[in-house]
Amino acid sequence: MSRRTFLVSAAVAAASAGPLGAVARAAARTPKVLVIGLDGALLSRIKDAAAPNLDALMAAGLTAPSSIYADPLAPTLSGPGWSTVITGVWPDKHNVKDNSFTGARFTQYPDFLTRIETARPALATYAVASWNPLTDTVFSAKVDTRVSTPGAEYDTGTTSRAVERLRDGNPDAVFVHLDNIDHAGHSYGAASQQYLDAIQGADAQVGQIVAAVKARPAYAAEDWLIMVTADHGHTDAGGHGGSTLQERQTFLIAAGAALAAGSVRHDVKMPDVAASALAHLGIAIDPAWGLDGRPVQQPSPDDFDALRGQLQPRADETGIPAGVLGFTHTPPAGWSVDNSAMGTGGITEWRGWSFTTDEFWTQAQRDQNREGNVRARNVFAVADGDEWNDKAVTGTFDSTLVSPAYPVTGGGTAVLTYTTYYRQEAPQKGEVLVSYDGGTPVTVRTYTADVPSRTESVTLQVPAGATSARVRFRYTGGNNWYWVVDGVRIGRV
């Protein structure tokens, strides 16, 4: 039986048994994690290449395309990229800005294998890399075994070492880094046949590594989560480090008992690899760690994400590819947009609050820091006075995004949380207002200075007798900048 057939058949059998059966079987087995990093790999080119092993993993589990940052948060280089994957936090936390790792905060934000060793020292951890800074610098000495493959051995040596450890040892968490796809990208470009050939070669090595897992004597008693990811993309001509969407591309391919076969998601981000590995091994993620990742096994969609199927292609924008579906003015159920004070004219896509994606919004205009909106996921809301003003307007930008009514307990405390990203230029202003039971909205937060991508938490004192709360996000300004809002929730305390 071919490996592809084996994987797909196993996935079908798991599905036919139902999710509870899959969870029960996984709970009875020993959890283990394998992360394979394909440096500089583009998911679109993997799909173009002859890559049966990666195709089989996609058929058996999850495929999640995503994007990363650009300067000034960090350039699209391997140092920041792999540090984000391995630590589970974005560059504004781990502080790796280039391949020198100067100023890295790995003590505060250690690699996921180190967190495993700290939480459960009895677990066996192993890392092997063709790009030696990962095993020399990013993974700490707490990791049981770190192997920096000699240059003469390159990916062949990395693969053989990983296969040997998986076949003959008993590791619980393994990280493997393969480099040749990135090498081909630099030498020949992502549009080249050589790049496709490098993907095919890496795919064969992935096949060897996964086959070693499946050949383990104890495999039937083990619950493996296998994840494949990349640190950045490549331009067609070759190279990376800039802000084009192709350079900012990454992905996660993941196969495991908790992941639906053949599924595709758009809410997954680069730091989720580390969080998913920890969760799979049963290690509780402490909020004090400040991880940006969340386990892929525990999806948490918000209201805006339900709009993905309604997204439209560009209307007035010219820099966004015509085939990209990425905006709508129609809010999700329960939400509304008040444009009664909104000016007229302007770029259609950004007339008042819009619902959009990173792929669409960042291509409206590169290098104006839109690429720093890293903590919003999937579909998010944006008020963009700068882009709206790229066509003749009358009046000013004045639009209010209104939430559904959330249940609250009168006389108690509630917490409003949301992800935000705000870039300021006077006279622009962002206001967060809350009303109770249809009463007068009261301002609870005001934005008049830049705010990096982050999750906000606002404690609300609920008036006695109140049973519901509604949130308003009002953006006012002219030809200024923008405000992103995502993941809005009100929770009772």
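Strand S1 is mostly covered, with seven of its nine residues buried. The model described here is predicted. S1 pairs with S6 in the parallel sense, over eight bridges, and with S5, again in the parallel sense, over six bridges. Val33 takes part in both pairings: its bridge partner in S6 is Leu225, and in S5 Val33 stands opposite Ala173.

Helix H9 spans residues 154-168 and has 15 residues. The distance from its first C-alpha to its last is 21 Å, close to the 21 Å expected at 1.5 Å a residue. The buried residues of H9 are Asp155, Gly157, Thr158, Thr159, Ala162, Val163 and Leu166. An α-helix has 3.6 residues a turn, so residues three or four places apart point the same way.

Strand S3 contains Val128. This residue has a relative accessible area of 0% and, because the cut-off for burial is under 20%, Val128 is classed as buried. Beyond its neighbours within four places in sequence, Val128 is in contact with Thr135, Val147, Thr149, Thr158, Arg161, Ala162, Phe175, Val176 and His177. Two of these contacts, Thr158 and Ala162, are listed among the buried residues of H9. Asp437 lies 309 residues from Val128 along the chain, and the C-alpha atoms of Val128 and Asp437 are separated by 58 Å.

A further group of six strands forms an open sheet in the order S9-S12-S13-S21-S16-S19, with antiparallel pairing. Strand S9 (327-328) and strand S19 (451-461) stand at the edges; each has a single partner strand, so one side of each is left without a neighbour in the sheet. Within this sheet, strand S16 (residues 413-423) and strand S21 (residues 482-492) run antiparallel and are joined by nine bridges. In this pairing Arg423 stands opposite Tyr482 in S21. In a regular strand the side chains alternate between the two faces of the sheet.

Notes: Residues numbered from 1 in each chain as written. Predicted model: local features only at pLDDT ≥ 70, side-chain atom pairs only at ≥ 80, totals over all residues. Heavy atoms only, no water. Helix = DSSP H or I, 4+ residues; strand = E, 2+ residues; numbered from the N terminus. Expected span 1.5 Å × (residues − 1). Buried < 20%, exposed > 50% of the residue type's maximum accessible area, 1.4 Å probe, protein only. Pairing = 2+ DSSP bridges. Contact = heavy atoms within 4.5 Å.
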